[in-house]
Amino acid sequence: MTQWLVTAQELVMTFGLNILATLAILVVGQWLAKLIGRTTKRVMTRRGVDPTLINFTTSLVYYAALAFVVIAALNRLGVQTASLIAVLGAAGLAIGLALQGSLSNFAAGVLMIIFRPFSVGDVIEGAGVFGTVKAIQLFTTTIVTPDNATVIVPNAKIGGDNITNFTLKPTRRAETIVGISYGDSIEKARQVILDELAKDARILPDPAPAVTVGVLADSSVDLQVWAWTETPHFLAVQLALPELIKNRLDAEGITIPFPQQDVHMFQRN
């Protein structure tokens, strides 16, 4: 009985110390994991990283540190963690293969947030979708089309395609084609169009508007009209150009012809 009591006392002392050490590892480790997470968040915030990426990275760092703490605590209790790590690795590989599409969307989302080919509020065309960017998330990008339809595009699809950002530059060039008859003066038509463009305050004087001969078509001389404007006014100017030019050419008596053919008839004697 005395020997049994001594053995029991030794076991209690040993396991008691291991349990206390395990609890200490868990408490101190959790505090360190939170400290590392807060430090990561503070550093990324100072560097101006996107808030979405900050929150995700902070959580990832915290849980990775916490997993390390749990493994260290189990090891202190005498649990063989090598096999546990192998099982977790195999499970992670299986999950990675199953979520291959989602992981590619995540990777593309992280790259877009870091390199910023476009931002929220930009008008873009990508993955066959044209519209205004409303949200950039880690897995998807939300775009609202001009007819007010909401399209949610996977980041891997939009990141793997050509992206046209229509609002990245402060100015854009609006353009249209106007046909005049062969009997009208090109120089007069050019001056009339430039005078009309100069009246519109939305059209910038620098770079100056330009009117050049684009094509000598079958029924008309096609003039290429270029006008630079600030990006927020681009769509309005683009839509207004044909009407402004048409009204002014009509007032000046310059003809905008329609396609026609001359038919010559020959009579045999």
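In this predicted model, the largest nonpolar core comprises 19 residues, of which I180, I193, L197, L223, V225 and L249 have the most contacts inside it; such a core is a set of buried Ala, Val, Leu, Ile, Met, Phe, Trp, Tyr and Cys residues joined through side-chain atoms within 4.5 Å, where buried denotes under 20% relative accessible area, exposed over 50% and partly exposed in between, with a 1.4 Å probe and protein chains only. Two or more residues are given to this core by each of β6 (171-180), α6 (186-198), β8 (221-230) and α7 (234-251), and α7 gives the most, with five residues. Helices (H or I, at least four residues) and strands (E, at least two) are DSSP runs numbered from the N terminus.

Leaving aside neighbours within four places in sequence, L223 is in contact (heavy atoms within 4.5 Å) with residues including I177, I180, I186, I193, V211 and V213. A second, separate core of 13 residues includes F118, I124, A127 and V133.

Strand β3 (residues 140-144) is joined to β4 by five bridges, and the two run antiparallel, with T142 opposite I152 in β4.

Residues are numbered from 1 along each chain as its sequence is written, and side-chain values use heavy atoms, with hydrogens and water left out. Local features need pLDDT of at least 70 and side-chain atom pairs count only at pLDDT 80 or more, whereas totals for chains, interfaces and linings use all residues.

Technical notes: Pairing = 2+ DSSP bridges.
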